[in-house]
Amino acid sequence: MVEQKSVGKAWGRDEVRHAVLRAARTKFAAKGMSVTLRELARDAGVNLGLIHKHLGNKDDILRAVLARNSQQSASVVENVESLSEAMRRLFLVGVADPDYVRIATWLTLDGRTDLLPTDEADGGTILARSGQSSDSVDVRIMFGLAAIAGWSLFGSEILNNTDVAGSDRVNIELRMADLLSAIMELPEFGPGDVQNP
């Protein structure tokens, strides 16, 4: 008996992986860990058994989604000479594709930070690439990553509440990336150097 494939269904290993990872990225960003494998199978157009065979369990799928994003972030800052340019580029990546931040936020809220990649282009990696090291730089990196996460999570809503037109949004986000880059270039400062209002 010859097995017939349904039209629109993914059957081969690579097809299944691609379809499931694409669906998983969207679903995990929207719902966090409450996503079921059955939902992923339905959205990806694949058989549930094929998910187990080619990708494993939900944690394995989530790790694969996050690993892909980590690789993309690392490639964005690869060969960047300055911390300010690395932050500017990461901000623009976060603006263009906020799903990674949303997934990381869900994992943090669910107490599942064990699933987050440890080799991503995070503050430590950016710091190592920048060739700089000080408490002041560490604070700037933490601030930059917080800005990226905050805007990735809430930027659309903030812009909607301020009636910013779609064409203005791009310009605003480019200016924000430039501002974040400028903050990374601030001179060294230590405890007490910043005056309270």
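Guide: A salt bridge is a side-chain nitrogen of Lys or Arg within 4 Å of a carboxyl oxygen of Asp or Glu. This is a predicted model, in which local features need pLDDT of at least 70 and side-chain atom pairs count only at pLDDT 80 or more, while totals for chains, interfaces and linings use all residues. Residues are numbered from 1 along each chain as its sequence is written, and side-chain values use heavy atoms, with hydrogens and water left out.

Visitor: How many salt bridges does this rule give?

Guide: Side chains of opposite charge can pair when their charged atoms come close. Counted by the rule for salt bridges, the total is 13.

Visitor: How far apart are the closest N and O atoms of Asp43 and Arg42?

Guide: Asp43 is partly exposed at a relative accessible area of 40%, whereas Arg42 is exposed at 55%. Here buried means under 20% relative accessible area, exposed means over 50%, and partly exposed lies in between, with a 1.4 Å probe and protein chains only. The two residues form a salt bridge, and their closest N and O atoms are separated by 3.4 Å.

Visitor: Which residues are linked with Arg42 and Asp43 in a network of salt bridges?

Guide: Arg42 and Asp43 pair with each other in a salt bridge. They also belong to a network of salt bridges, in which the other linked residues are Lys27, Lys31 and Glu39.

Visitor: Is Arg25, the partner of Asp97 in a salt bridge, buried or exposed?

Guide: The side chains of Asp97 and Arg25 meet at 2.0 Å, N to O. This pair links distant parts of the chain, 72 residues apart, since Asp97 sits in the loop between helix H5 (83-96) and helix H6 (99-109) and Arg25 in helix H1 (residues 13-31). Asp97 is partly exposed at 25% relative accessibility, but Arg25, at 17%, is buried.

Visitor: Which helix holds both Arg63 and Asp60?

Guide: These residues form a salt bridge with 3.7 Å between the closest N and O atoms, and Arg63 is partly exposed at 36% relative accessibility, as is Asp60 at 33%. They are 3 residues apart, about one turn of the helix, and that helix is H4.

Visitor: How many helices are there in the protein?

Guide: Helices (H or I, at least four residues) and strands (E, at least two) are DSSP runs, numbered from the N terminus. Along the sequence the pattern reads α-α-α-α-α-α-α-α-α. The protein has 0 strands, and its number of helices is 9.
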